[in-house]
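Dear colleague,

Here is the structure I promised to pass on to you. Please look through it alongside the notes below.

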Amino acid sequence: THYLNRIKSLDDKTNAFITTTEEQALAQAKQADQLRSAGNASQLTGIPIAHKDIFCTEGVKTSCGSKMLDNFIAPYESTVTQKCNDAGLVMLGKTNMDEFAMGSTNESSFYGACHNPWDLEKIPGGSSGGSAAAVAARLAPIATGTDTGGSIRQPASMCNITGLKPTYGRVSRWGMIAFASSLDQAGPMAQTAEDAAMLLNTMAGLDLKDSTSMDQPVEDYTAGLNNGLEGLKIGLPKEYFAEGLNDSVKAAIEASIKELEKQGAILKEISLSTANLSVPAYYVIAPAEASANLSRFDGVRYGYRCEDPENLEDLYKRSRGEGFGDEVKRRIMIGAYALSAGYYDAYYKKAQQVRRLIKNDFANAFNEVDVIAGPTAPTTAFKLGEMTNDPVTMYLEDIFTLSVNLAGLPALTVPAGFADGMPTGLQLIGNYFQEAKLLNIGHKYQ
Ligand code: GLN
């Protein structure tokens, strides 16, 4: 009730929620009370949670931030939200996001931009901006997000919260609306690394419904949170601290890394020479996969359908033309172009080769160091509307986050103080399935 009231009185300012599910939340809370009094509670039973509106939730509108799905009531539950329900978590509602998770500002949402609670005239980051704003504004204690190229970490950084992008395959993608299937991964967004660890305990695990989910035991991510950092080798890629990084952000990140050094970590400069290749590779691969994934929205099966179509061709054209926003159309066009005969080898195949180089680059780095640290985004949150007409500059916002998805690695963003009055986040990148180590470092830092 406390959180539902906060959402009611404050969310007209932040616009973090697309849908609130009050009735269902109160019913789930009652059940949680019963479980608790019967001694059947898990760690998170009764804890409220907000879910990004990309997860199918049975009987509840699941819009993915798009007009295309404005009328879509999901007929089934995603694995992530099902696991949360099973653990007794209480869903408060579905959070705002960039349309089909394409964006870094939350401005491409059909439901209007979400506002950063630290400065309502600024972006919360994206695409999981609604989840980040909800946690930051204390409209929910924890939330789920998804990260295809930074969408958990970048809004976490801009809203002063903690967000974890797990190893590809750690969390099931079943029932999570697909953007770029080889990059998409769901993860926890919370105030602290400890809260994120508890939520990851619930979200992670093999799921036979997702053939890319990994058969790897789920450890208790809270178990090692207090391990000491003595002797931990932290790599600092020189490319991450170079040109393009805002000076105040750089100072805040360097100060946070010094804190880790004080706790016994050993800093080592390393080089990730493929760092500048992640933006071009990602912006071929992600749109290519998106153009294929989004072909299912045809006005026939479900979702938006145009009025009075003249024939099938008209139905397809107008349903897609009217249902999708500009950024989504831009991605579909880029993707379809990159995959077309004659261009496939030059763009898509080349981008996949570059992807392998990026993966190898990290593999070499992890021969030398335990984790890699650096900024999450080159800037803090900027004003709403500032980048709407400049997609290429917006794509550069992702420069420090994309390579992690291309390589399939886990990465954690934790609050690293303020740069010119706005929050910024330290990014810690780990080797495959090293989520526990990242959360341990994040916890010790906090
Ligand atoms: N900002 C990136 C993009 O627009 C990443 C989005 C995401 O991680 N979903 O594609």
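Two residues are taken to be in contact if their C-beta atoms, placed from the backbone, lie within 7 Å. Please keep in mind that this is a predicted model, in which local features need pLDDT of at least 70 and side-chain atom pairs count only at pLDDT 80 or more, while totals for chains, interfaces and linings use all residues. Residues are numbered from 1 along each chain as its sequence is written.

The UniProt record, an unreviewed entry, annotates Lys-52, Ser-127 and Ser-151 as "active site"; its positions are given in the numbering used here, feature names are shortened, and annotations may be inferred rather than shown by experiment. Although these residues are spread over 100 residues of sequence, they cluster in space, with a largest C-alpha distance of 11.0 Å.

Ser-127 lies in the loop between β3 (90–95) and α4 (129–136), where helices (H or I, at least four residues) and strands (E, at least two) are DSSP runs, numbered from the N terminus. Ser-127 counts as buried because 35 other C-beta atoms lie within 10 Å, the cut-offs being 20 or more for buried, 12 or fewer for exposed, and partly exposed in between, with C-beta atoms placed from the backbone. Not counting residues up to four places away in sequence, Ser-127 touches Met-97, Asp-98, Ala-101, Met-102, Gly-103, Asn-106 and Ser-151.

Ser-151, for its part, sits in the loop between β4 (142–146) and α5 (153–159), and is buried, with 36 other C-beta atoms within 10 Å. Beyond its neighbours within four places in sequence, the contacts of Ser-151 include Ala-101, Gly-126 and Ser-127.

With best wishes
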